[in-house]
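Hello,

Here is the structure we talked about. Please look it over first, then read my notes below.

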Amino acid sequence: MKGKFRSAKNRLFKGMVIVFSLVAITPIMLIVFDLFQKGIKQINFSFFTKIAPDTWDAMTALNHGKIIPGGILNGITGTFLMVSVASLIAIPLGLLIGIYLYENAEKRYAGVVRDISDILQGAPSIVLGLIAYFWIVKNITHGFSALAGSASLTIMMLPLIIRSTEETLKMIPISIKEAGLALGVPYHKIILRVLIPTGFSGLTTGILLALSRVLGETAPLMLTALGNPFVNFNIDKPTSAVPLLIWQFYNDPNMVNLIWSSSLFLVILVLTLNLIAKQIAAK
Amino acid sequence: MNSEKITKNILFIASLSLIMLATGMVLTLIQGSIPVFQKFGLNFIFSNKWNPTAGREQYGALPFIVGTIITSVLALVICLPLALSTSLFLGEYYKGKMIAKIIGTLVDLLAGIPSIVYGLWGFYFLRPLIVQLGFNAQGYGIFTSSVILAIMIIPYATSISTEIISLVPNDLKEAAYSLGATRLEVILNVTIPMARSGIVASYILAFGRALGETMAVTMLIGNSNVIPKGIFDMGNTMASVIANQFGEAEGLKLSALIAIGLLLFLITGIINGFGKFIIKKFA
């Protein structure tokens, strides 16, 4: 009798685990499905080649039952500009710090650097926006700017790259490095010719994940890059970004249809980067 | 100086730059918050009055601190059964199976969806649902935000705990099976006690994520600057008040927002540090 009860409980629990796990993955499917269903009809050639429409054009098109003209070119170029500039600083610096931590793993000072990197990784992105506002917007560009946006994204990317670099290098067999050292190869060549090529896929994965993390960031850019109705490649001028455009469309009742296509575009971009990164890591 | 030394110095300087960056961030936040602390002292933290009207300016962060803690705790409570089930599904019941790979990838993808897209989905999908269920009239509020936050932190709560659960040694589990234990009994008496610290740590880190989330919460919480009386009330969090009121902020108000940023940075830093400490201690 007792045995029956125990096995019933056992089965009930397994059932609950399965049900709750399915509940946990339902949102991602609902979100992606929703975005495709509502967003796909706005995605066409001009979506990628034209700047965002003004609210008047959008309203006229809506009243005539047409799709909204224009696209998100100013957002795409802005995101590209800011993420590129952030990568230019965060990738090399993150690699160097990661290599330092790997080489000096046992030192107390390295432990401090590692802890600081972890704290930065947990810092809310909006706080990074505040910092970039004070450093760049107020003191360097004297106005909202792409540079300030890049600065906040750089601080976000750094700890991600540092961590993945250190973890990747730790997995490389020490004998490979020692073989190089025994041959008298200079230290910088060990890094460039041995560590980086051997750990290449791991390093790439870390960088791609860091990129996919900052691509969708909105909050820090609201405080730094602000937005721009036109395509802008000036690093010291306000700049739009895809997530900033989504925020702008969200706040304008005439633009609602554009929310879905822009979100669909952003999500596909981020998830593709994610999946590529995982694919590389799996190899 | 030989090339060996140059390389070592470059690596060291890179690591030093991270420490300078973090120190600079904290100093900037402290410097920015000085005016508001000078005017209100510690009352800034314990007062619930937030009034930006010129001449009668008064700033107290308590409503936002309370709002942040309630939304994040509630999110963790909602997330807990889902995340634990998913971890058991991936790390115990279907470990190494194809279905676990698929579910695991889907859960990972949850982390890739940008915050603003969660906000949109919450606004257009979840909010009407909450209205229909009759929880409150507009669908905005603490509860709506917490549900979205719970979904957002599932991947953070599952990642480490899944790994730890799957690392529980088989011979321990088999010993329990050989005594006639059911799978549920093995999970409750062997797997979870063995993996306890890892599970707790991953929930702490997920909690830290929830504390700093900005966009999704800003779009759903209703942005009312008073202490919420219940979970279906509207409220505001520290991150969302910064995002919301930064645009028109100057002088004392700006200082108040920076001070909130400083508090948020400290709280998330402490929570994350605590999580890392548990991992280190029991690893």
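**What I found**

Y100(A) sits in helix α4 of chain A. Helices (H or I, at least four residues) and strands (E, at least two) are DSSP runs, numbered from the N terminus. Before going on, note that this is a predicted model: local features need pLDDT of at least 70, side-chain atom pairs count only at pLDDT 80 or more, and totals for chains, interfaces and linings use all residues. Residues are numbered from 1 along each chain as its sequence is written, while chains are lettered from A and ligands numbered from 1 in the order in which they are written.

**Y100(A)**

Is Y100(A) buried or exposed? Y100(A) is buried, because 26 other C-beta atoms lie within 10 Å. The cut-offs are these: buried means 20 or more other C-beta atoms within 10 Å of the residue's own, exposed means 12 or fewer, and partly exposed is in between, with C-beta atoms placed from the backbone. Leaving out residues up to four places away in sequence, Y100(A) touches L11(B), F12(B), A14(B) and S15(B). Two residues are in contact if their C-beta atoms, placed from the backbone, lie within 7 Å. Take care with L12(A): Y100(A) and L12(A) are 88 residues apart in sequence and 51 Å apart in space, C-alpha to C-alpha.

**Where the chains meet**

The contact takes 62 residues from chain A and 59 residues from chain B. Elements giving two or more residues to chain A's side include α1 (2-39), α4, α5 and α6 (125-137) of chain A. Of the elements on that side, α1(A) gives the most, with 19 residues. By class, the side of chain A that touches chain B has 44 nonpolar, twelve polar and six charged residues. Here Ala, Val, Leu, Ile, Met, Phe, Trp, Tyr, Cys and Pro count as nonpolar, Asp, Glu, Lys and Arg as charged, and the others, Gly among them, as polar.

Helix α5 of chain A covers residues 108-122. At 1.5 Å a residue, its 15 residues should span 21 Å, and its end C-alpha atoms are 21 Å apart, which agrees. The expected span is 1.5 Å times one less than the number of residues. Among the buried residues of α5(A) are V113(A), I116(A) and L120(A). Their cover includes α4 (73-103) and α7 (146-171) of chain A, together with α1 (3-40), α8 (183-212) and α11 (251-282) of chain B.

How many of the 13 residues of α6(A) are buried? Twelve are, so α6(A) is largely enclosed by the rest of the structure. They include I126(A), L130(A) and F134(A). What covers the buried residues of α6(A) includes α7 and α11 of chain A, with α1, α10 (238-245) and α11 of chain B.

**A helix pair**

The axes of α12(A) and α13(A) come within 8 Å and cross at roughly 160°. Axes are lines fitted to C-alpha atoms, for helices over the stretch in contact, and angles run from 0 to 180 degrees between N-to-C directions. That crossing makes α12(A) roughly antiparallel to α13(A). Angles over 145 degrees count as roughly antiparallel, under 35 as roughly parallel, 65 to 115 as roughly perpendicular and the rest as oblique. The residues of this contact divide into eleven nonpolar, two polar and no charged.

**Chain B**

Chain B has eleven helices and two strands. Of its 283 residues, 51% count as buried.

Best wishes
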